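Here is a short tour of a two-chain model, written for someone who likes cut-offs spelled out. Have the viewer open and follow along.

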Amino acid sequence: MEMSPAEWTAILLSLRVAAVATVVATPLGIALAWLLARRDFWGKSALDAAIHLPLVLPPVVTGYLLLLSFGRHGPIGSFLADHLGIVLAFRWTGAALACGVMSFPLLVRPIRLSIEAVDQRLEQASATLGAAPWQVFATVTLPLALPGILAGMVLGFAKAIGEFGATITFVSNIPGETQTISSAIYSLIQTPDGDSAALRLVAISIVIATSALIASEWFARRATQRLHGN
Amino acid sequence: MLRVDVSKRLGEFSLSASFVSEGRVTGLFGASGAGKTSLVNMIAGLLRPDRGVIAIDDETLDDTAARIHVPPHRRRIGYVFQDARLFPHLDVRQNLDYGRRMNRLTEDPAARTRITEMLDISHLMDRRPGKLSGGERQRVALGRALLSKPRLLLLDEPLGSLDEGRRAEILPYLIRLRDEANVPMVYVSHDAAEMRQLATQIVLLRGGQVTALGGVKVLTAG
């Protein structure tokens with residue numbers, strides 16, 4: 001299977017966009033998952049709904065909302081550009097933002113479930129041994145939830161790789177800058193001789209998605225073993 | 001010296017207890033459902049009393065009138081739970097060392113050797129809790145609590161989850177602990193024979209109320 005340089009560019013860009021999206025979203029995802037799993041507060045169900053919104057909204061709506069707020073003339077976008085020199089619209093970083101937002105619910109869910117599965121009696125034992133709340137989190141909750149965190153990262157990464165609607169709406173489809181595997185496939189199937197190239201990228205997508213599912217399964221199994229102390 | 005004078009409502013159940021203990025081992029005796037575990041959780045700081053005072057020596061740990069509640073991690077009170085609660089992701093050595101690390105105490109190899117030998121757990125150091133027997137797990141939990149250098153040790157039915165044979169195996173360690181470890185203990189049990197062997201002072205709890213206080217004789221009187 002021969003890849004053209006343009007196809008390689010799209011594949012590498014997708015990997016970079018998804019990796020940045022996942023790495024940036026994970027700490028935030030862990031913090032929110034912990035809040036949802038362990039704390040009761042006013043507006044908790046609203047926060048839960050907001051996190052899940054990208055899952056149920058049409059991706060084009062999410063992308064358009066991103067463009068309205070993070071675009072060059074949007075309230076957040078103009079602030080970032082004027083004060084920090086950061087431009088997201090029509091850049092690969094914007095693609096990472098769109099992918100991060102779209103994959104966020106899939107990232108948060110396994111992390112939340114794995115934190116909920118951590119036995120709170122172990123956290124109590126940790127406190128009686130002198131651990132402050134942040135130490136309880138760092139030495140008991142986090143390591144026991146780690147397989148779930150990794151599973152969430154894998155799922156989030158896989159979703160980010162395949163994201164299409166919000167990305168193309170927010171950052172368009174610019175080869176070398178914002179043309180990911182999905183938008184490249186979209187362009188190719190609209191070109192008369194693009195079929196074989198499109199099929200190669202389709203195959204790559206299937207390989208990436210399947211590997212992610214297998215990795216996610218494996219982490220889930222590790223989680224169970226870990227919680228049983230073997 | 002441990003001073004407790006608290007009350008707490010837990011749903012339909014209401015607990016109200018007042019006692020002062022100076023003994024080496026204070027036995028908290030009562031049937032299941034008498035409120036023993038809730039009382040011990042309050043001493044540990046895991047449960048907040050609705051009203052009252054808990055103090056060790058001159059230090060107030062809870063005083064609802066003065067809005068004082070010292071969180072569990074600042075109480076320096078060790079707790080051995082019925083179900084051991086060893087950290088499954090750490091081996092025995094790391095479990096034993098946990099309290100020292102959290103309290104940022106300096107390494108004390110002499111204390112570690114003394115305690116691991118007293119509890120016969122030196123040969124288990126590299127094992128994970130999942131590979132220990134119930135009795136071994138409970139001995140490691142005892143060692144873990146002791147090595148955090150508590151000023152009071154709470155033991156909530158530490159033999160409760162063990163069968164008859166295992167109990168007979170652990171009891172001598174608890175007696176050794178009482179005589180050698182030099183840490184005052186609160187020992188919770190519903191087993192009068194255990195109490196007679198271990199406790200130096202008894203608090204009798206029935207239906208959430210203290211019904212008798214005194215030496216081990218109150219076990220026969222009640």
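Predicted model: local features only at pLDDT ≥ 70, side-chain atom pairs only at ≥ 80, totals over all residues.

Residues are numbered from 1 along each chain as its sequence is written, while chains are lettered from A and ligands numbered from 1 in the order in which they are written.

**Helix 5 of chain A**

Helix 5 of chain A has a kink of about 50° at A:S103, shortly before the proline A:P105; the bend is the angle between axes fitted to the seven residues ending there and the seven starting there. Because 22 of its 26 residues are buried, helix 5 of chain A is largely enclosed by the rest of the structure. Buried means 20 or more other C-beta atoms within 10 Å of a residue's own, exposed means 12 or fewer, and partly exposed lies in between, with C-beta atoms placed from the backbone.

A:M102 lies in this helix and counts as buried, with 26 C-beta neighbours inside 10 Å. Leaving aside neighbours within four places in sequence, its contacts include A:P54, A:K159 and A:A166; a contact means backbone-placed C-beta atoms within 7 Å. A:M102 and A:H52 are 50 residues apart in sequence, yet 9.2 Å apart in space, C-alpha to C-alpha.

**Chain B at a glance**

| Property of chain B | Value |
|---|---|
| Helices and strands | 7 helices and 11 strands |
| C-alpha box along the principal axes | roughly 45 × 40 × 30 Å |
| Buried residues | 43% of 222 residues |

**Where the chains touch**

The contact takes 19 residues from chain A and 21 residues from chain B. On the side of chain A that touches chain B, helix 6 of chain A gives the most, with 6 residues.

Key: Contact = placed C-beta atoms within 7 Å. Helix = DSSP H or I, 4+ residues; strand = E, 2+ residues; numbered from the N terminus.
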